[in-house]
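Colleague: I have the model open on my side, and I would like to go through it piece by piece with you. Please start wherever you like.

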Amino acid sequence: MFAKFSPASGRVLRAAEQECRNHNHYYIGVEHLLVALVQEPDGATSARLRQERIDVAEVHAEMRRALGTGEDRSWEGILITPRVRTIVNIAEGKAEDRLIEPVDLLEAIETEGGSRAADVLRRAKCTP
């Protein structure tokens, strides 16, 4: 599923996994992915967020609040939610024959549109 990720997207995925663990969650959701994207953006992702006039600090803070904390117990493994699988499929379509870059993941979150992360991005665009 992640074989077509660029090294930068692989780092985003690992950061999302760490975010998941930080919140005691047993799954990687789109919200974890967005936190990872805004926490350590690459050049293209930063440019896209600036172009859309998205306040990265605001998005990061809102997503961290929305994630909350899960149960304090250890998990055998971390699951990938169906919505993240959809996001990866959309990003793969955007990337076509090249590796999936972080900006493709950001665009896929916006394109899919049904997650809390997409909602936070929409609202952040409306903020003057």
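Modeller: Let me start with arginine 98, which pairs with aspartate 104 in a salt bridge whose closest N and O atoms are 2.7 Å apart; a salt bridge here is a side-chain nitrogen of Lys or Arg within 4 Å of a carboxyl oxygen of Asp or Glu. Bear in mind that this is a predicted model, in which local features need pLDDT of at least 70 and side-chain atom pairs count only at pLDDT 80 or more, while totals for chains, interfaces and linings use all residues. Residues are numbered from 1 along each chain as its sequence is written, and side-chain values use heavy atoms, with hydrogens and water left out.

Colleague: Is aspartate 104 buried or exposed?

Modeller: Aspartate 104 is buried, at a relative accessible area of 2%, whereas arginine 98 counts as partly exposed at 39%. Buried is under 20% relative accessible area, exposed is over 50% and partly exposed lies in between, with a 1.4 Å probe and protein chains only.

Colleague: And how many salt bridges does a search of the whole structure find?

Modeller: The search finds 9 salt bridges. One of these joins the side chains of arginine 83 and glutamate 112, at 2.9 Å from N to O. Arginine 83 lies in helix H5 (residues 82-95) and glutamate 112 in helix H6 (residues 102-112), so this pair ties together parts that are 29 residues apart in sequence. Both partners count as partly exposed, arginine 83 at 36% relative accessibility and glutamate 112 at 22%. Helices (H or I, at least four residues) are DSSP runs, as are strands (E, at least two), and they are numbered from the N terminus.

Colleague: What about arginine 21, which residue does it form a salt bridge with?

Modeller: The partner of arginine 21 is glutamate 17, and their closest N and O atoms are 2.9 Å apart. The two are 4 residues apart in helix H1, which means a separation of about one helical turn. An α-helix has 3.6 residues a turn, so residues three or four places apart point the same way. Arginine 21 is partly exposed at 45%, and glutamate 17 is partly exposed as well, at 28%.

Colleague: Which residues are linked in a network of salt bridges?

Modeller: That network links Arg48, Glu52, Glu107 and Glu110. H6 is mostly covered, with 8 of its 11 residues buried, and glycine 113, which follows H6, has a positive phi near 70°.

Colleague: Staying with H6, at what angle do the axes of H2 and H6 cross?

Modeller: They cross at roughly 135° and come within 11 Å, where axes are lines fitted to C-alpha atoms, for helices over the stretch in contact, and angles run from 0 to 180 degrees between N-to-C directions. H2 is therefore oblique to H6, given that angles under 35 degrees count as roughly parallel, over 145 as roughly antiparallel, 65 to 115 as roughly perpendicular and the rest as oblique. Val30, Leu33, Leu34 and Leu37 of H2 make the contact with Pro102, Leu105, Leu106 and Ile109 of H6, contact meaning heavy atoms within 4.5 Å. By class, this contact has 8 nonpolar residues, no polar and no charged ones; Ala, Val, Leu, Ile, Met, Phe, Trp, Tyr, Cys and Pro count as nonpolar, Asp, Glu, Lys and Arg as charged, and the others, Gly among them, as polar.

Colleague: How do the axes of H1 and H2 cross?

Modeller: The axes of H1 (residues 7-22) and H2 (residues 30-39) come within 8 Å and cross at roughly 120°, so H1 and H2 are oblique to each other. On the H1 side the contact uses Val12, Ala15, Ala16, Glu19 and Cys20, and on the H2 side His32, Leu33, Val35, Ala36, Leu37 and Gln39. Those residues divide into 8 nonpolar, 2 polar and 1 charged.

Colleague: Changing topic, what is the phi of arginine 53?

Modeller: Arginine 53 has a positive phi of about 55°, although it is not a glycine. Most residues other than glycine have a negative phi. Arginine 53 lies in the loop between helix H3 (43-51) and helix H4 (56-67) and is exposed at 71%. Glutamate 96 likewise has a positive phi of about 55° without being a glycine; it is found in the loop between H5 and H6 and is exposed at 57%.
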